[in-house]
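Please open the structure in your viewer and keep the selection tool at hand. The stops below say what to select and what is there.

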Amino acid sequence: AVLVLVTLHFVGANVVSQSLAESEEERRAIKHLSAGEYATAARILEELTQSDPSSPRIHLWNLYRGTARYHLDQFPEATALFLKVLQSRSDNGLVSRAHLFLGNIAFRTGDEQNAMHRYIQAWATGNGVIASTALQSIDEMLSHGGAVEIQIDDIIGIADGDKRCQLASRHVKVASIANQGDVVERLIGLC
């Protein structure tokens, strides 16, 4: 569990460091966010969002705002902002990061099944460090042998056929060990 949380902190910082700010206010917000000054970053980002609500960068700002609120342990506010990113149909980089943070919020608030769902979505829509982090989170949750499991509907919902088969194959191993023959058959049929 600790690995999941620490890794997400790094991913949050990575979101910021890869950005090319377009305004002085955005640069200031990113500087504060990168420095761990989340309350200041959140305030600047709120002002920026209110001053230009139709900006083409609004989805990125919502991701930044959600990141700041997440690190301030303001989970309801962070959740609302990350959901805005998902509703925006933005590029997969923003969407996968939003899913990853939503997964971590669910995990930290005790909703492990929802966390698993969000980590799967982050992995399915992400690449590079985001996909790797999400897959680590999935594996970590499965390795603890608790009540959380991969739902077949989560696998079916993965648009990328290669990723769908990769996750189905991982889950076949878990289902085989648990003597869930019917689950194994359904998973094999997905590929």
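**Whole chain**

Start with a cartoon view of this predicted model. Of the 191 residues in the chain, 49% are buried. Switch to a surface view: the accessible surface comes to about 9300 Å², and carbon and sulfur atoms account for 51% of that area. Among contacts between residues at least 6 apart in sequence, 54% join residues at least 24 apart.

**Salt bridges in helix α2**

The structure holds 7 salt bridges. Select helix α2, residues 24–34, and show the side chains of Glu 24 and Arg 27. These two side chains form a salt bridge with an N to O distance of 3.5 Å. Glu 24 and Arg 27 are about one helical turn from each other, because they lie 3 residues apart in the helix. Glu 24 is partly exposed at 48% relative accessible area, and Arg 27 is partly exposed as well, at 42%.

**A salt bridge between two helices**

Which residue forms a salt bridge with Glu 46? Select Arg 69: the closest N and O atoms of the two residues are 3.5 Å apart. Glu 46 sits in helix α3 (residues 38–51) and Arg 69 in helix α4 (residues 58–71), so the pair links parts of the chain 23 residues apart, by the helix numbering used here. Both Glu 46 and Arg 69 are buried.

**Aromatic rings**

In one of them, Tyr 70 and Phe 75 are tilted, with 5.9 Å between centres and 40° between planes. Tyr 70 and Phe 75 are both buried.

Next, select Phe 82 and Phe 101. Their ring centres are 5.1 Å apart and their planes meet at 10°, so this pair is stacked. The pair links distant parts of the chain, with Phe 82 in helix α5 (residues 75–87) and Phe 101 in helix α6 (residues 92–108), 19 residues apart. Phe 82 and Phe 101 are buried. Show all four rings together: Tyr 70, Phe 75, Phe 82 and Phe 101 form one aromatic cluster.

Lys 163 lies over the face of Trp 123, 5.2 Å from the ring centre.

**Leu 167**

Finally, select Leu 167 in helix α10, residues 161–177. Is Leu 167 buried or exposed? Its relative accessibility is 0%, so Leu 167 counts as buried. Show what surrounds this side chain: apart from neighbours within four places in sequence, Leu 167 contacts Ile 120, Trp 123, Ile 150, Ile 155 and Ile 158. For a distance check, pick the C-alpha atoms of Leu 167 and Asp 154, which are 9.7 Å apart, while the residues are 13 apart along the chain.

How values were computed
Residues are numbered from 1 along each chain as its sequence is written. This is a predicted model: local features need pLDDT of at least 70, side-chain atom pairs count only at pLDDT 80 or more; totals for chains, interfaces and linings use all residues. Side-chain values use heavy atoms; hydrogens and water are left out. Helices (H or I, at least four residues) and strands (E, at least two) are DSSP runs, numbered from the N terminus. Buried means under 20% relative accessible area, exposed over 50%, partly exposed in between (1.4 Å probe, protein chains only). Contact means heavy atoms within 4.5 Å. Rings of Phe, Tyr and Trp (its six-membered ring) pair if their centres lie within 6.5 Å; planes under 30 degrees apart count as stacked, over 60 as edge-to-face and the rest as tilted. A charge sits over a ring if NZ of Lys or CZ of Arg is within 6 Å of the ring centre and within 35 degrees of the ring normal. Accessible areas come from the Shrake-Rupley method with a 1.4 Å probe; for residues, only the protein chains shown count as cover. A salt bridge is a side-chain nitrogen of Lys or Arg within 4 Å of a carboxyl oxygen of Asp or Glu.
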